[in-house]
Amino acid sequence: MQTVLAVDDSETMRQMVKMTLQAGNYQVVLANDGEEGLSKFLSTSDVDLIITDINMPKMDGLGLIREIRSRNSNIPILALTTESEDGMRKKGAEAGANGWLVKPFKPSQFIDIVRQIL
């Protein structure tokens, strides 16, 4: 079973992502900000995908993506955010995000995207 690290400061969004991914037969590790996300990424050896929000306290998603990219250039990273501006998408791509999904998401579409990335 593949493991997904989902990082979001919204408890509701974390639970929605978790339920959707578990229904798609993925194991899910949750973190509520970029700092916790980085810590869980470094302490969990078998993460296959990272899904991160962009706007979060402590360390935002762009910071998290850069930190992970400085340690691992291969792991797929998907930004899941309310940010839909091209400028922000470009910053995400420059930081190292492989995909950009705007909230809210349709569970079936979300699982399709996760499968494509993995």
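**Exercise 1. In which strand is the place of I50, and is I50 buried or exposed?**

*Solution.* Begin by locating the residue in this predicted model: I50 lies in strand β3. Next, consider its relative accessibility, which is 0%; since buried means under 20% relative accessible area, I50 counts as buried. Then list its contacts, leaving out residues up to four places away in sequence: I50 touches L5, F41, I68, I75, P76, I77 and L78. Finally, compare a position elsewhere in the chain: Q15 is 35 residues apart from I50 along the chain, and the C-alpha atoms of the two are separated by 15 Å.

**Exercise 2. Work out the order of the strands in the open sheet, and find which strands are at its edges.**

*Solution.* The sheet has five strands, which follow the order β2-β1-β3-β4-β5 with parallel pairing. Strands of a sheet pair through backbone hydrogen bonds, either parallel or antiparallel. The edges are formed by β2 and β5 (99–102), each of which pairs on one side only. Neighbouring strands are turned by 25° against each other on average, when direction is ignored. Now look at one pair in detail: β1 and β3 run parallel and are joined by five bridges, and here L5 stands opposite I50 in β3.

**Exercise 3. Describe how α2 and α3 pack, and state which residues meet.**

*Solution.* The two helices pack at an angle of about 20°, and their axes are 9 Å apart. Because angles under 35 degrees count as roughly parallel, α2 is roughly parallel to α3. The crossing of α2 and α3 is right-handed. On the side of α2, the residues involved are G34, G37, L38, F41 and L42, and they meet L64, E67, I68 and R71 in α3.

**Exercise 4. Which residues touch the most other members of the largest nonpolar core, and which elements supply it?**

*Solution.* This core has 22 residues, of which L5, F41, I50, I54, I68 and I75 touch the most other members. At least two residues each come from β1 (3–7), β2 (27–31), α2 (34–43), β3 (47–52), α3 (61–71), β4 (77–81) and α4 (86–95), while the largest share, four residues, comes from α3. A second, separate core of 17 residues includes V17, L78, F105 and V114. To finish, take L5 as an example: not counting residues up to four places away in sequence, L5 touches V29, A31, G37, K40, F41, V47, L49, I50 and I51.

Definitions and conventions
Residues numbered from 1 in each chain as written. Predicted model: local features only at pLDDT ≥ 70, side-chain atom pairs only at ≥ 80, totals over all residues. Heavy atoms only, no water. Core = buried A, V, L, I, M, F, W, Y, C linked by side-chain atoms within 4.5 Å. Buried < 20%, exposed > 50% of the residue type's maximum accessible area, 1.4 Å probe, protein only. Contact = heavy atoms within 4.5 Å. Pairing = 2+ DSSP bridges. Axes fitted to C-alpha atoms, helices over the stretch in contact; angles between N-to-C directions. Parallel < 35°, antiparallel > 145°, perpendicular 65-115°, else oblique. Left-handed = near helix turned anticlockwise from the far one by under 90°.
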